[in-house]
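Morning, everyone. Please have a look at the screen.

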Amino acid sequence: MAGSEQELAQVFRALGHPIRLGIVARLGRDGEICACDFTEYFGVSQPTISGHLRALREAGVVRTRRDGTRICYSLDQRVMSRLREAVQLLDQGTALAS
């Protein structure tokens with residue numbers, strides 16, 4: 001598997017959990033969101049949200065920005081564009097380009 005395909009597989013793995021998928025959907029809808037706002041929205045603890053955000057960050061799906069003591073998250077649009085392209089290619093039955 002080529003390097004970009006491995007990176008894409010890591011993105012798909014990161015999206016493979018319902019909370020992480022929900023985080024990405026909410027960021028896509030609302031834009032930048034601070035980490036503390038996710039705990040109440042999903043009804044889970046801060047350490048749980050932190051773990052999910054870490055997985056998304058390590059996969060390159062989200063970017064961070066510090067605002068005082070708060071850490072705000074947004075989608076990395078380059079990765080989202082690559083993901084859209086990959087889904088279109090998969091839908092067409094085309095091999096993913098490296």
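Let me start with a term. Two strands count as paired if DSSP finds at least two bridges between them. With that in hand, take β1 and β3: they pair in the antiparallel sense, over two bridges. One of the contacts to look for is Ile33, whose bridge partner in β3 is Tyr73.

A word of caution before we go on. This is a predicted model.

Now the overview. The protein has five helices and three strands. Reading from the N terminus, the order is α-α-β-α-α-β-β-α. The C-alpha trace spans about 45 × 25 × 25 Å along its principal axes. There are 98 residues in the protein, and 32% of them are buried. Then look at the contacts between residues at least 6 apart in sequence: 50% of these join residues at least 24 apart.

Back to the sheet. What is the strand order? It is β1-β3-β2, in an open sheet of three strands with antiparallel pairing. The edge strands are β1, residues 33-34, and β2, residues 62-67; each pairs on one side only.

β2 and β3 are antiparallel too, joined by six bridges. Val62 has Leu75 as its bridge partner in β3. Arg65 stands opposite Cys72, also in β3. The two strands form a hairpin, with two residues between them. In that turn, Gly68 has a positive phi of about 65°.

Stay on β2 for one more residue. Arg63 is found in this strand. Setting aside neighbours within four places in sequence, Arg63 is in contact with Cys72, Tyr73, Ser74, Leu75 and Asp76.

Two packed helices are described by the angle between their axes and the distance between the axes. For α2 and α4, the angle is about 70° and the axes are 10 Å apart. Angles of 65 to 115 degrees count as roughly perpendicular, so α2 and α4 are roughly perpendicular to each other.

Who makes the contact? From α2 come Ile19, Arg20, Ile23 and Val24. From α4 come Ile49, His52, Leu53, Ala55 and Leu56. By class, that is seven nonpolar residues, one polar and one charged.

Let me pick out His52, which is found in α4. Is His52 buried or exposed? The cut-off for buried is under 20% relative accessible area. His52 has 9%, so it is buried. Beyond residues up to four places away in sequence, His52 touches His17, Ile19, Arg20 and Ile23.

Ile23 takes us to the core. In soluble globular proteins, nonpolar side chains tend to be buried together. Here the largest nonpolar core has 23 residues. Which members touch the most others? Ile23, Leu27, Leu56 and Val61. The elements giving two or more residues to this core are α1 (3-14), α2 (18-30), α4 (46-58), β3 (70-75) and α5 (77-92). As for Ile23, leaving out residues up to four places away in sequence, its contacts are Phe38, Phe42, Ile49, His52, Leu53 and Leu56.

Last stop, Ala59. Where is Ala59? In the loop between α4 and β2. Its relative accessibility is 10%, so Ala59 counts as buried. Which residues does Ala59 contact, apart from neighbours within four places in sequence? Gln10, Val11 and Ala14. Gln10 is 49 residues from Ala59 in sequence, but the two are 5.8 Å apart in space, C-alpha to C-alpha.

Thanks. I'll take questions now.

Methods. Residues are numbered from 1 along each chain as its sequence is written. This is a predicted model: local features need pLDDT of at least 70, side-chain atom pairs count only at pLDDT 80 or more; totals for chains, interfaces and linings use all residues. Side-chain values use heavy atoms; hydrogens and water are left out. A nonpolar core is a set of buried Ala, Val, Leu, Ile, Met, Phe, Trp, Tyr and Cys residues joined through side-chain atoms within 4.5 Å. Buried means under 20% relative accessible area, exposed over 50%, partly exposed in between (1.4 Å probe, protein chains only). Helices (H or I, at least four residues) and strands (E, at least two) are DSSP runs, numbered from the N terminus. Contact means heavy atoms within 4.5 Å. Axes are lines fitted to C-alpha atoms, for helices over the stretch in contact, and angles run from 0 to 180 degrees between N-to-C directions. Angles under 35 degrees count as roughly parallel, over 145 as roughly antiparallel, 65 to 115 as roughly perpendicular and the rest as oblique. Ala, Val, Leu, Ile, Met, Phe, Trp, Tyr, Cys and Pro count as nonpolar, Asp, Glu, Lys and Arg as charged, and the others, Gly among them, as polar.
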